[in-house]
Amino acid sequence: LHRRRIQVRKLRYRLELFSPVLGPGQEAVTRELRQLQSQLGQFHDLQVLLEWLQGMASELPHELRPALRRLSVRVELELQAAEEAASAQVEALDKSGWWESARAGCLD
């Protein structure tokens with residue numbers, strides 16, 4: 001998903017750059033890409049946060065570790081929800097067929 005986020009960002013920026021010469025449909029696509037980029041960013045941020053929390057476990061005093069475990073569980077649940085939402089939107093792009101055409105024209 002992180003790789004896809006980078007691809008979405010590149011595509012969105014290129015669409016925005018060429019927006020003056022593209023048709024009015026470009027705005028809707030750009031909005032959708034911005035939303036997907038945001039969802040993928042949230043997923044990535046939660047993933048980094050969870051890794052950091054797990055790394056902190058051995059450094060914290062023993063009495064704080066239960067609270068850190070509870071926080072980690074909460075972040076894991078948020079991460080799972082973010083992954084499901086982002087994956088569903090990426091899958092919709094893949095199924096629509098426009099993703100490969102856009103990628104071929106703008107990303108490679």
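Accessible areas come from the Shrake-Rupley method with a 1.4 Å probe. In this predicted model, the accessible surface of the chain comes to about 7200 Å², and 55% of that surface belongs to carbon and sulfur atoms. Of the 108 residues in the chain, 27% are buried.

The secondary structure consists of four helices and zero strands, so that, read along the sequence, the chain follows the pattern α-α-α-α. Among the contacts in the chain with a separation of 6 or more, 71% are between residues 24 or more positions apart.

**The pair α1 and α2**

Helix α1, which covers residues 2-17, packs with helix α2, which covers residues 25-56, at an angle of about 150 degrees, and the axes of the two helices lie 9 Å apart. Because angles over 145 degrees count as roughly antiparallel, this angle makes α1 roughly antiparallel to α2. The crossing in which α1 passes α2 is left-handed.

The residues that meet where these two helices are in contact are set out by helix below.

| Helix | Residues in the contact |
|---|---|
| α1 | H2, R4, R5, V8, R9, L11, R12, Y13, L15 and E16 |
| α2 | Q26, V29, T30, L33, R34, L36, Q37, L40, G41 and H44 |

By class, the contact of α1 with α2 is made up of eight nonpolar, six polar and six charged residues. On the α1 side the contact includes V8, L11 and L15 as well as R4, R5, R9 and R12, while the residues that α2 brings to the contact include V29, L33, L36 and L40 together with R34.

Key. Residues numbered from 1 in each chain as written. Predicted model: local features only at pLDDT ≥ 70, side-chain atom pairs only at ≥ 80, totals over all residues. Heavy atoms only, no water. Axes fitted to C-alpha atoms, helices over the stretch in contact; angles between N-to-C directions. Parallel < 35°, antiparallel > 145°, perpendicular 65-115°, else oblique. Left-handed = near helix turned anticlockwise from the far one by under 90°. Contact = heavy atoms within 4.5 Å. Nonpolar A, V, L, I, M, F, W, Y, C, P; charged D, E, K, R; others polar. Buried < 20%, exposed > 50% of the residue type's maximum accessible area, 1.4 Å probe, protein only.
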